[in-house]
Amino acid sequence: MGAEDTCCGGIGGDDPIKRPGTGIRSRSVSTRAVCTDDKLQQGIAEFYDASSGVWEDIWGDHMHHGFYDPNATVSVSDHRSAQIRMIEEALQFAGVPEDPVKRPKSVVDVGCGIGGSSRYLARKYGAQCQGITLSPVQAQRAQALAAAQGLAGKASFQVADALNQPFSDGQFDLVWSMESGEHMPEKAKFVGELARVAAPGATIIIVTWCHRDLSPSEESLRPEEKQLLNKICDAYYLPAWCSTADYVKLLQSLALQDIKAADWSENVAPFWPAVISSALTWKGFVSLLRSGWKTIKGALVMPLMIEGYKKDLIKFAIITCRKPE
Ligand SMILES: C[S@@+](CC[C@H](N)C(=O)[O-])C[C@H]1O[C@@H](n2cnc3c(N)ncnc32)[C@H](O)[C@@H]1O
């Protein structure tokens, strides 16, 4: 398959930020593929339609990294609890209140996968959760799991675009985006939508893949760094990447409060090696083959994620803030 067919790196990729006047330098991760946002969205939808079943078979509800103590020895059975821990660590980092009066009553799960976070948050807070995904297969599966777990009245899912959300202004107490931001071609529009649907006083949590912050003397990443990210973009249907500092500037430009960011790359280090090991089991191998080329291609670039982290190029970032009252 040629780069033009793959529809990923560099889509809308000249400027992932697309926000004049914020002082954020634009940079392009990919210079190859020329593709519309529509084609990117179609690629994302098809990728998750094809791969979500395999992932669920092996990993369960959550399509995100686990959170681990740095340098901990991790056994195979620890990974699912590490994924739950990721949710808890994110909530704690953002200071989401636990107290029954102040805790979130309405949650939007932006890029919800098969709805693992929504169901977890619905249970934890008794909140009404609404998830959106580009993948019809995911939305259906998320709804079926909610029904099977007695949460149909608490969690609902639909196919919708995070950059144009089907929600009114100020609707949600908690705006949750767990590992979906990396798919968004226009980060300013993405963050703008998160802020728009947040109620006054709401917490916004973005956990996402970023590239390293640039030094003041740098205009862009180095060519070999761009090359590595390009390969990952091709396989995972990602547009141009941005840095954690870029996200912080975008949130500042929207006058959001209590903006905090952290690099959790060390805390996710055991994750990709575990995903690779699971793909190398007989069950993983057979499921991969059954799910088709898009999923296989995703599996083949997994070692590049490890390389990106090791080279300090890829950062696993959390960025949180609060909408003013
Ligand atoms: C890696 S999965 C994360 C799933 C989920 N947050 C979790 O932690 O299990 C990325 C998700 O982002 C969704 N996504 C990507 N781009 C999107 C967009 N523009 N609008 C809505 N969802 C999007 C995908 O459909 C997929 O569900």
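Two residues are taken to be in contact if their C-beta atoms, placed from the backbone, lie within 7 Å. The structure is a predicted model, in which local features need pLDDT of at least 70 and side-chain atom pairs count only at pLDDT 80 or more, while totals for chains, interfaces and linings use all residues. Residues are numbered from 1 along each chain as its sequence is written.

The protein has 13 helices and seven strands, taken as DSSP runs (H or I, at least four residues, for helices; E, at least two, for strands) and numbered from the N terminus. Of its 325 residues, 50% count as buried, that is, with 20 or more other C-beta atoms within 10 Å of their own. Among the contacts with a separation of 6 or more, 77% join residues 24 or more positions apart.

We can turn next to the interior. A nonpolar core is a set of buried Ala, Val, Leu, Ile, Met, Phe, Trp, Tyr and Cys residues joined through C-beta atoms within 7 Å. The largest such core has 81 residues, and Val175, Trp176, Leu194 and Ile204 have the most contacts inside it. Strand β5 (residues 198-211) gives the most to this core, with eight residues. Leaving aside neighbours within four places in sequence, Ile204 touches Val175, Leu194, Ala195, Ala198, Leu256, Thr320, Cys321 and Lys323.

Helix α4 is mostly covered, with eight of its 10 residues buried. The cover over these buried residues includes α3 (78-94), β1 (106-110), β2, α5 (136-148), β3 (155-159) and β4 (172-178). Gly126, which follows α4, has a positive phi near 65°.

Finally, the axes of α2 and α5 (lines fitted to C-alpha atoms over the stretch in contact) come within 7 Å and cross at roughly 40°. The two helices, α2 and α5, are therefore oblique to each other, as angles under 35 degrees count as roughly parallel, over 145 as roughly antiparallel, 65 to 115 as roughly perpendicular and the rest as oblique. Tyr48, Asp49 and Ser52 in α2 meet Pro136, Val137, Gln138 and Arg141 in α5; the residues of this contact divide into three nonpolar, two polar and two charged.

How values were computed:
Buried ≥ 20, exposed ≤ 12 C-beta atoms within 10 Å, placed from the backbone. Axes fitted to C-alpha atoms, helices over the stretch in contact; angles between N-to-C directions. Nonpolar A, V, L, I, M, F, W, Y, C, P; charged D, E, K, R; others polar.
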